[in-house]
Amino acid sequence: MSSVIVASANPAKISAVAEAFSTAFPDQTFSFEGISVASEVRDQPMCADETLSGARNRITNARRSKPDADYYVSIEAGIDGNFTFAWMVIENAHQRGESRSASLPLPPEALEKVHQGIELGDVMDEMFNQHNVKQQGGAIAMLTNHKLSRSTVYQQALILALIPFMNQELFPV
């Protein structure tokens with residue numbers, strides 16, 4: 001059994017990682033553990049580069065915390081212009097895969113509050129009279145009337161980030 005450390009304690013992120021690995025590698029067995037590690041960027045990254053840095057930093061910090069895992073996965077959500085999205089970073093001892101999720105347009109009112117320094121999850125909680133949206137379906141679920149969720153959108157991007165692991169002969173290290 002291969003061990004996967006998810007650089008987050010967020011149940012939606014851990015679920016997305018488990019589903020993506022199961023889909024990408026249906027004949028393998030994995031154990032998943034979520035751990036809380038620092039991104040070393042703002043709680044709400046405000047550009048694509050800062051968001052990617054946060055995802056990579058989480059991998060580095062997860063490796064320091066749990067050095068013997070087979071895989072490390074991080075998902076860092078951020079803002080890019082008028083959109084929210086997330087970077088996925090997956091590493092093992094030999095390979096790295098990265099992918100960006102679909103971008104979700106944000107309402108002007110939400111963007112204004114995010115630019116005032118309020119984290120998007122908190123903005124969504126307030127806008128939709130919810131509690132802890134970010135650990136459930138996220139802004140994606142709220143804005144798509146639950147047609148999509150944070151976890152389902154992240155699953156697709158995680159599978160894309162797993163491409164180098166699924167096709168190792170095409171991605172030499």
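The legends below describe close-up views of a predicted model.

**View 1. Aromatic pairs, with Phe-21 and Tyr-71 as an example.**
The count of aromatic pairs in the model comes to eight. One of them joins Phe-21 and Tyr-71 in an edge-to-face arrangement, with 5.2 Å between the ring centres and 75° between the planes. Phe-21 belongs to helix H1 (residues 11–24) and Tyr-71 to strand E3 (residues 71–80), so this pair ties together parts that are 50 residues apart in sequence. Phe-21 and Tyr-71 are both buried.

**View 2. The pair Phe-25 and Phe-30, and the aromatic cluster.**
The rings of Phe-25 and Phe-30 form a tilted pair, 6.0 Å centre to centre and with 50° between the planes. Both residues, Phe-25 and Phe-30, are buried. Phe-25 and Phe-30 also belong to one aromatic cluster, together with Phe-21, Phe-32, Tyr-71 and Phe-165.

**View 3. Arg-100 over the ring of Phe-85.**
The charged end of Arg-100 is placed over the Phe-85 ring, at 3.7 Å from the ring centre.

**View 4. Ser-39 and Glu-40 in the loop between E2 and H2.**
Ser-39 is located in the loop that runs between strand E2 (30–34) and helix H2 (48–65). Its relative accessibility is 7%, so Ser-39 counts as buried. Residues up to four places away in sequence aside, Ser-39 touches Ser-53, Gly-54, Asn-57, Arg-58 and Glu-76. Glu-40 lies in the loop between E2 and H2, and its relative accessibility of 56% makes Glu-40 count as exposed. The phi angle of Glu-40 is near 65°, a positive value in a residue other than glycine.

**View 5. Asp-49 in helix H2.**
Asp-49 is part of helix H2. With a relative accessible area of 60%, Asp-49 is exposed. Between Asp-49 and Ile-140 there are 21 Å in space, C-alpha to C-alpha, and the two residues are 91 residues apart in sequence.

Leu-120 counts as buried, at 7% relative accessibility.

**View 6. The largest pocket and its lining.**
The volume of the largest pocket is about 630 Å³. The lining holds 36 residues, and those closest to the pocket centre are Lys-13, Ala-77, Glu-119, Lys-134 and Arg-150. Two or more lining residues come from each of E3, strand E4 (83–91), H4, helix H5 (138–143) and helix H6 (150–161). By residue type, the lining of the largest pocket divides into 17 nonpolar, eleven polar and eight charged residues.

**View 7. Asn-145 in the loop between H5 and H6.**
Asn-145 is placed in the loop between H5 and H6. Although Asn-145 is not a glycine, its phi is positive, at about 55°. Asn-145 has a relative accessible area of 60% and is exposed.

Key:
Residues are numbered from 1 along each chain as its sequence is written. This is a predicted model: local features need pLDDT of at least 70, side-chain atom pairs count only at pLDDT 80 or more; totals for chains, interfaces and linings use all residues. Side-chain values use heavy atoms; hydrogens and water are left out. Rings of Phe, Tyr and Trp (its six-membered ring) pair if their centres lie within 6.5 Å; planes under 30 degrees apart count as stacked, over 60 as edge-to-face and the rest as tilted. Helices (H or I, at least four residues) and strands (E, at least two) are DSSP runs, numbered from the N terminus. Buried means under 20% relative accessible area, exposed over 50%, partly exposed in between (1.4 Å probe, protein chains only). A charge sits over a ring if NZ of Lys or CZ of Arg is within 6 Å of the ring centre and within 35 degrees of the ring normal. Contact means heavy atoms within 4.5 Å. On a 1 Å grid over the protein atoms alone, a cavity is a set of points where a 1.4 Å probe fits but cannot get out, and a pocket is an open set with protein on both sides within 12 Å along at least five of seven lines; lining residues have an atom within 4 Å of a point. Grid points are joined across faces, edges and corners, and a volume is the space filled by probe spheres set on the points. Ala, Val, Leu, Ile, Met, Phe, Trp, Tyr, Cys and Pro count as nonpolar, Asp, Glu, Lys and Arg as charged, and the others, Gly among them, as polar.
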